[in-house]
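User: I would like to learn how to read a helix face and a set of salt bridges from a model. Please take me through both.

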Amino acid sequence: MPELPEVEVVRRGLERWVAGRTVEAVEVLHPRAVRRHPGGGADFAARLRGETLGVPQRRGKYLWLPLAGRDLSVLGHLGMSGQLLVQPEDAPDEKHLRIRVRFGDDAGTELRFVDQRTFGGLSLHETVAESAEGLPDVIAHIARDPLDPLFDEAAYHLALRTKRTTVKRALLDQSLISGVGNIYADEALWRSKLHYERPTANLTRPRSAELLGHVRDVMNAALAVGGTSFDSLYVNVNGESGYFDRSLDAYGREDEPCRRCGTPMRRRPWMNRSSYFCPRCQRPPRVAS
């Protein structure tokens, strides 16, 4: 599933290619693509027609397009394989095209939502009244992400110390910190020399600050090269895959030598996913006797 860097790359592309454009027509080609919109496909198309799209916004992994002058936003759920592509109007339809948005101008491009596995979709939602960025109400509970200038490090450290959890669970808890997924959690933990099952209650303020620093570093590095892609399912709005996977230090490197100490990396099942770590650099916590 796309994480913060991948979603931010898409957001930047949408800002360049669709912000300020007025919707002329919407074509919903698969009902599952609008299943989160209560009114269904016809209502989604009718309500979006004639609206002008504002500057795309993001919180963590969540992306939305505010409607100019309205307390409404189009929320994009990318799911496992969702893609928001800006394509020439005469380009052949993608095999898994689910929604087409045409604009009332002569730019010659349209917005397409393509989703092979149909876990994602688009939906219209009211925005939180006090939110300057037009935050959709359905994601109001999502915490700010570590790249957000308003992210509260002190509050995050306090939450870690008071919450009975482990460090990787805390990194993936979107109510504490948003945008971090399995890949970048493993990368930040490797850089911090922390085992994924390390309890958060005994993390000192300097250690949690160091971890946050590594989270930011790995995300900024991924942003610089367009995100991480292990197959053709993640692409930016121009259909190009990210390639930060070439620089990964932990994720996907089972049995390969640790780049720090040379010990073979390990993979362990974890919450229906996998955790990759170095058994020497990231020693597991001691079990209380």
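Predicted model: local features only at pLDDT ≥ 70, side-chain atom pairs only at ≥ 80, totals over all residues.

User: Which residues of helix H3 are buried?

Analyst: An α-helix has 3.6 residues a turn, so residues three or four places apart point the same way. Helices (H or I, at least four residues) and strands (E, at least two) are DSSP runs, numbered from the N terminus. Buried means under 20% relative accessible area, exposed over 50%, and partly exposed in between, with a 1.4 Å probe and protein chains only. In H3, residues 153–162, the buried ones are Tyr-156, His-157, Ala-159 and Leu-160. Seen down the helix axis, the buried residues of H3 fall within an arc of 160 degrees, so they line one face; the arc is that of the directions from the axis to the C-beta atoms. Leu-158 and Thr-162, on the other side of H3, are exposed.

User: What do the buried residues of H3 pack against?

Analyst: They pack against helix H4 (167–172) and helix H6 (205–224), where contact means heavy atoms within 4.5 Å.

User: How many salt bridges does the structure hold?

Analyst: Side chains of opposite charge can pair when their charged atoms come close. A salt bridge is a side-chain nitrogen of Lys or Arg within 4 Å of a carboxyl oxygen of Asp or Glu. The structure holds 24 of them. In one, Glu-51 pairs with Arg-70, with the closest N and O atoms 2.3 Å apart. Glu-51 is in the loop between helix H2 (40–48) and strand S2 (57–59), and Arg-70 in the loop between strand S3 (62–66) and strand S4 (72–77), so the pair ties together parts 19 residues apart in sequence. Glu-51 counts as buried at 12% relative accessibility, while Arg-70, at 40%, counts as partly exposed.

User: Are Arg-58 and Asp-145 buried or exposed?

Analyst: Both are buried. Arg-58 forms a salt bridge with Asp-145, the closest N and O atoms lying 2.8 Å apart. Arg-58 belongs to strand S2 and Asp-145 to the loop between strand S8 (121–126) and H3, so this pair ties together parts 87 residues apart in sequence.

User: Which residues are linked in a network of salt bridges?

Analyst: Glu-27, Asp-93, Glu-94, Arg-100, Arg-102, Glu-110 and Arg-112 are linked in this way.

Conventions: Residues numbered from 1 in each chain as written. Heavy atoms only, no water.
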